[in-house]
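Hi,

Here's the structure I promised to pass on. Have a look at it first, then read on for what turned up.

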Amino acid sequence: EAFAILSNPEKRRQYDSRLQGGGAKPLSNSELAQMKFKEGKIEFAKYNTTSALELFGQAAYLDTATAKYHYYYGVTLAKLNRLKEAVRAIERAINIEPSNADYLAEAGHLYLKLGFRTRAKSNFEEALKLAPSHARAKEGMALVAE
């Protein structure tokens, strides 16, 4: 919604005039984080990885308690081959939501790329306990078995 308003010149003018008139209250960090995250997903979908990384990082900074912000930040770091940073970001997401099989499986794949097979296997096993048919975790287990 924020992107739609800010990217449309007429809606943007209306929004700005409301702000100047004092009609709108300032956005909270949580609301700003949501806006940054939505913008980041749009940039990520357009393969603008660097822009997406910045936006996801801002979202995670503004709202440290939302796991998906850290997860998307980590996935984007991984796309940029910044694997150690990616693992740290996804580990933050796992600390917030330890029962998220997607986060565990993705961390497992990063551990594999970094050469930590045992740690990767542990993550895949945990993900499969939570979601026995999780495709990404099954894929990881097959790679560990090779």
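How are α6 and α7 oriented to each other, roughly parallel or roughly antiparallel? Keep in mind that this is a predicted model. The two helices pack at an angle of about 155 degrees, and their axes are 10 Å apart. Angles over 145 degrees count as roughly antiparallel, so that is how α6 and α7 lie to each other. The crossing of α6 past α7 is left-handed.

If you want to find the contact on screen, pick out L83, K84, A86, V87, I90, E91, A93 and I94 on the α6 side. On the α7 side, look for Y103, L104, E106, A107, L110, Y111, K113 and L114. Sorted by type, the residues of this contact come out as twelve nonpolar and four charged, with no polar ones.

Now for α5, which covers residues 67-79. This helix has 13 residues and runs 19 Å from its first C-alpha to its last, close to the 18 Å expected.

How many of the 13 residues in α5 are buried? Ten of them, so to speak a helix that is mostly covered. The buried ones include Y69, H70, Y71, Y73, V75 and L77.

One last thing to look up: after α5 comes N81, which has a positive phi, near 65 degrees.

Cheers

Conventions: Residues numbered from 1 in each chain as written. Predicted model: local features only at pLDDT ≥ 70, side-chain atom pairs only at ≥ 80, totals over all residues. Heavy atoms only, no water. Helix = DSSP H or I, 4+ residues; strand = E, 2+ residues; numbered from the N terminus. Expected span 1.5 Å × (residues − 1). Buried < 20%, exposed > 50% of the residue type's maximum accessible area, 1.4 Å probe, protein only. Axes fitted to C-alpha atoms, helices over the stretch in contact; angles between N-to-C directions. Parallel < 35°, antiparallel > 145°, perpendicular 65-115°, else oblique. Left-handed = near helix turned anticlockwise from the far one by under 90°. Contact = heavy atoms within 4.5 Å. Nonpolar A, V, L, I, M, F, W, Y, C, P; charged D, E, K, R; others polar.
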